[in-house]
Each structure stands twice: as C-alpha cells, then as structure tokens.
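Keep the viewer open and click along as you read.

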Amino acid sequence: MGAIKQTFFISHGSPTLSIDESLAARRFLQGFRETVFSQRPKGILVISAHWDTSEPSVNVIHGCHNTIHDFYGFPRPMYELKYPAPGAPELAKKVKELLKGSGFNYVYEDKKRGLDHGAWVPLMLMYPEADIPVCQLSVQSSQNGTYHYQMGRALASLKNEGYLIVGSGSATHNLRYDDIMHYEEKAPHAKTAHPWPEHFYPLHVAMGAAGEKSKAELIHHSWSLSSLSYASYKFDATD
C-alpha cells in the first residue's frame, strides 16, 4: 500500500446504476481495477454530492457502515442492496486534522451516518468485496468551487499515505482549471447543467487533492436519459 499519485472524479448518475446492466458506466466501474487503477488503497475517502452540510463533516464509523437508500420510487431490489464496508475512523481523524490545519475552522464528526448512494453505488461496482475502509466527507453547497478546490489541496498529503480520494457527483463540461473554478460565470449553460452545485463540487475536491500541476484525463464518458452524463476523470499528480 504505497503512495498513490491519482485522484478520481466519478459521475454516479442515477441510482439505477446499481442494477441496470445496460449502462456503460456500470461496466466501466466494474472494470475499474483492471483498466484504470490496480493499486489497492489503504482506505478510501469519498466526497459525495449526497452529503451536503453547512460545515465540513466526516463520518467516524467503528465497525461496518450502514447502507443509506436515499432515493425514492425505484425498483424494490435496489432497497435490498447492502455495502457493509468497514469504517475508517483513523482516516476521518486525519481528514479533520488536515482541514483544520488549513483554515477550515469547523469540522464535525458524525458517528452514525453510513454511506449514501453517491458513495456505495460506485464503490459496490469498483470494490464489490466491501473490504476496504471508507470515510465520507461532505460538500458545502453554500460555498463555491474555489473553496472546494482548497479543501482538496488540504487533503493532498493523504495520497502519500496510500489513501484513495474519490469525488462522486456529476460532470458535464471541460476541465480548464480557471474556468472550472468559476464555472457559474464562465460556462454559458452552467445553471442548466447544474441547477444546484453539490454534484459538481466533488470534482473540485478531487482536482485540488491531485495538486496544482496535475493532469486531467477523461477515463469514461457515456450518457443516459439524453442529458445525464457519466463522465469520469482521473487526475495525475505531477508534483
């Protein structure tokens, strides 16, 4: 479990990704270890769009996670799926210390919250054995892209300890860095693609955690329902 040079942003799309065999994104995630990232991480930090808080929060779970079925009106089998990955309280403590050391004054510990579908659906496909410790970090939709990029910068050293950092949300357009920090003003249809920003901010965290000179690579792109993008990116650290 050596140092990790990459961070990732995964577009998790619809919760039906958990069962719909027709989705190309599902096959991409199932082959993630073979075709994208074969290194086994010490633990996984997931920044999910589906945990939105006023201040940064980490879940500090001893034992296995509960699986949160935070979606409505879907086929019954989806509510029976479980992803009992072990918690990562040691990682959660490191995340809290790094954020507080970088000027994020309030970082809360949630000792009950399990994994929401932004975390467990992609992880269930990427690491189906559910044997790697996982910690979740929330986004703050009241903040902006630069804030979340700085959050990622604060967490960059986790890669050196063998932790995998994964942002899970939804992406729609290109990755020119200055543009993406101010996408609300720069992108002509930003509000159409992202009426609410929480699904975009995990990308900023992943990008920040890779480093200022990181290289972005599109590692998967497919669509469903005409406008739902499953674009996913790898960020390679060069510093």
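Let's start at leucine 158. Setting aside neighbours within four places in sequence, leucine 158 is in contact with Leu45, Leu91, Lys94, Val95, Leu98, Tyr163 and Ile165. You'll find leucine 158 in the loop between α5 and β6. Is leucine 158 buried or exposed? With a relative accessibility of 0%, leucine 158 counts as buried, because the cut-off for buried is under 20%. One thing before going on: this is a predicted model.

From there, hop to isoleucine 4. The C-alpha atoms of leucine 158 and isoleucine 4 are separated by 8.6 Å, although the two residues are 154 apart along the chain. Isoleucine 4 sits in the segment before β1, and at 1% relative accessibility it counts as buried too. Leaving out neighbours within four places in sequence, the contacts of isoleucine 4 are Phe37, Gln39, Pro41, Lys159, Gly162, Tyr163 and Leu164.

The average pLDDT for the chain is 89, and 86% of the residues score at least 70.

**The overall picture**

The chain has nine helices and 10 strands. Of its 239 residues, 56% count as buried. Take the contacts between residues at least 6 apart in sequence: 79% of them join residues at least 24 apart.

In soluble globular proteins, nonpolar side chains tend to be buried together. The largest nonpolar core here has 33 residues, and the members that touch the most others are Leu17, Ile44, Tyr83, Trp120, Tyr127 and Leu164. Which elements give two or more residues to this core? They are β1 (6–11), α1 (24–30), β2 (43–52), α4 (117–126) and β6 (163–169). α4 gives the most, with seven residues.

Not counting residues up to four places away in sequence, isoleucine 44 touches Leu91, Leu123, Tyr127, Ile132, Pro133, Val134, Cys135, Leu164 and Val166. There is also a second, separate core of 24 residues, which includes Ala88, Leu137, Tyr147 and Leu158. That brings us back to leucine 158, where we started.

**Rings**

How many aromatic pairs does the structure hold? There are eight. Here are two of them:

| Pair | Centre to centre | Angle between planes | Geometry |
|---|---|---|---|
| Phe8 and Phe32 | 5.1 Å | 75° | edge-to-face |
| Phe104 and Tyr147 | 5.3 Å | 75° | edge-to-face |

Why does the pair of phenylalanine 8 and phenylalanine 32 count as edge-to-face? Their planes are at 75°, so they pass the cut-off of over 60 degrees. Phenylalanine 8 belongs to strand β1 and phenylalanine 32 to helix α2 (residues 32–35), so the pair links parts of the chain 24 residues apart. Both phenylalanine 8 and phenylalanine 32 are buried. Ring pairs also link Phe8, Phe28, Phe32 and Phe37 into a cluster.

The other pair in the table links distant parts of the chain as well, 43 residues apart: phenylalanine 104 is in the loop between α3 (89–101) and β4 (108–110), while tyrosine 147 is in helix α5 (residues 145–155). Phenylalanine 104 and tyrosine 147 are both buried.

**Helices: a crossing and a covered one**

The axes of α3 and α5 come within 8 Å and cross at roughly 120°, and the crossing is right-handed. On the α3 side the contact is made by Val95, Leu98 and Leu99; on the α5 side, by Met151, Ala154 and Leu155.

Helix α9 (residues 201–210) is mostly covered, with 10 of its 10 residues buried. Among them are Tyr201, His204, Met207 and Ala210. Just after α9, glycine 211 takes a positive phi of about 115°.

Most residues other than glycine have a negative phi. Alanine 130 has a positive one, near 55°. Alanine 130 lies in the loop between α4 and β5 (134–139), and is buried, with a relative accessible area of 12%.

Notes: Residues numbered from 1 in each chain as written. Predicted model: local features only at pLDDT ≥ 70, side-chain atom pairs only at ≥ 80, totals over all residues. Heavy atoms only, no water. pLDDT = per-residue confidence, 0-100. Core = buried A, V, L, I, M, F, W, Y, C linked by side-chain atoms within 4.5 Å. Buried < 20%, exposed > 50% of the residue type's maximum accessible area, 1.4 Å probe, protein only. Helix = DSSP H or I, 4+ residues; strand = E, 2+ residues; numbered from the N terminus. Contact = heavy atoms within 4.5 Å. Phe/Tyr/Trp six-rings, centres within 6.5 Å; stacked < 30°, edge-to-face > 60°. Axes fitted to C-alpha atoms, helices over the stretch in contact; angles between N-to-C directions. Left-handed = near helix turned anticlockwise from the far one by under 90°.
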